[in-house]
Amino acid sequence: MIFLKQWRRQKLRSQPIPAAWQSIILRNLPFFRRLPSEDQTELLGHVQVFLAEKHFEGCDGLMLTDEIRVTIAAQACLLLLHRKTDYYPELISILVYPSGYSTYEKRHLEGPIWEEGSKDQLGHTGRRLQVMVLAWDAAKYGAANPSDGKNLVLHEFAHQLDFENYATDGAPALATKAEYRAWARVMNREFKALRAAEEARLPTLLDTYGAQDPAEFFAVSTEMFFERPRALRAQHPKLYAELARFFRQDPVQYSAESVTTDSDA
């Protein structure tokens, strides 16, 4: 079965991508044109595998189109470049709403105190859910604005990478114990620094949403790594280096981020 899956994936990657899909990527994802040609080819191959294996479903009256599926898939596959991948194995279905949606949940406050109510959301995924939920308008906006430090799709798919070591702990699947130790050393220090900055109400490059827990810190850091790499490298060089080692990418080379960001940081 593993051989057949690998053969099927290789066949999909080797096929020319439909012209209509490539037009969508060129139109909706400005970062694509700045990628090296070999990365463009790799990304297009990953998109074909992703779309063949993941089930998309429109919600709240949204009619699914190739634009929706391809725009989401291309952003998700940016995280897979240069690495051996099993294409987000914990994920089966992607539910897409036209815009933000509300969920009903119980939230623990402290001790025996819980709060119940609705929560407005743009996206969500969970390790045991095998499902991701995305708001289409936010996903499209994130694709069209590749240097504002915010990208819903990158954020939620970073969570999926986190799940690949069978935990939700802010660490993706790494190859060796030494890599896990290096990851923990850098990430724990950076996470604590963000929490301290939030408590002191100091300005931060990283979204303080990442101060909730290590899982959200990894997701927020991934957004910044791909969207504002120059600023991240300038202000958090060790964090940038650790992410670059994992993703095997240097987004500074193709980022749309203004070159003045380094001096502004």
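## Charges

In this predicted model, the chain carries 32 positive and 35 negative charges.

## Overall build

The chain has 12 helices and 6 strands. Its radius of gyration is 18 Å, close to the 18 Å that the globule rule gives for 265 residues, so the chain is as compact as a globular protein of that length. The C-alpha trace spans about 50 × 45 × 35 Å along its principal axes.

## Surface and interior

Of the 265 residues, 48% count as buried. The accessible surface of the chain comes to about 13500 Å². Carbon and sulfur atoms account for 53% of this surface.

Most residues other than glycine have a negative phi. Tyrosine 88 has a positive phi of about 50°, although it is not a glycine. Tyrosine 166 is not a glycine either, and its phi is positive at about 65°.

Both residues are found in loops. For tyrosine 88, the loop runs between α5 (66-78) and β2 (93-97). For tyrosine 166, the loop runs between α7 (152-163) and α8 (177-199). Tyrosine 88 has a relative accessible area of 0%, and because buried means under 20%, tyrosine 88 is buried. Tyrosine 166 has a relative accessibility of 60%, which is over the 50% cut-off, so tyrosine 166 counts as exposed.

Definitions and conventions
Residues numbered from 1 in each chain as written. Predicted model: local features only at pLDDT ≥ 70, side-chain atom pairs only at ≥ 80, totals over all residues. Heavy atoms only, no water. Helix = DSSP H or I, 4+ residues; strand = E, 2+ residues; numbered from the N terminus. Buried < 20%, exposed > 50% of the residue type's maximum accessible area, 1.4 Å probe, protein only. Rg over C-alpha atoms; globule rule 2.2 N^0.38 Å. Areas by Shrake-Rupley, 256 points an atom, 1.4 Å probe, with all protein chains shown as cover. Lys, Arg positive; Asp, Glu negative; His and termini not counted. Charge placed at Lys NZ, Arg CZ, Asp CG, Glu CD.
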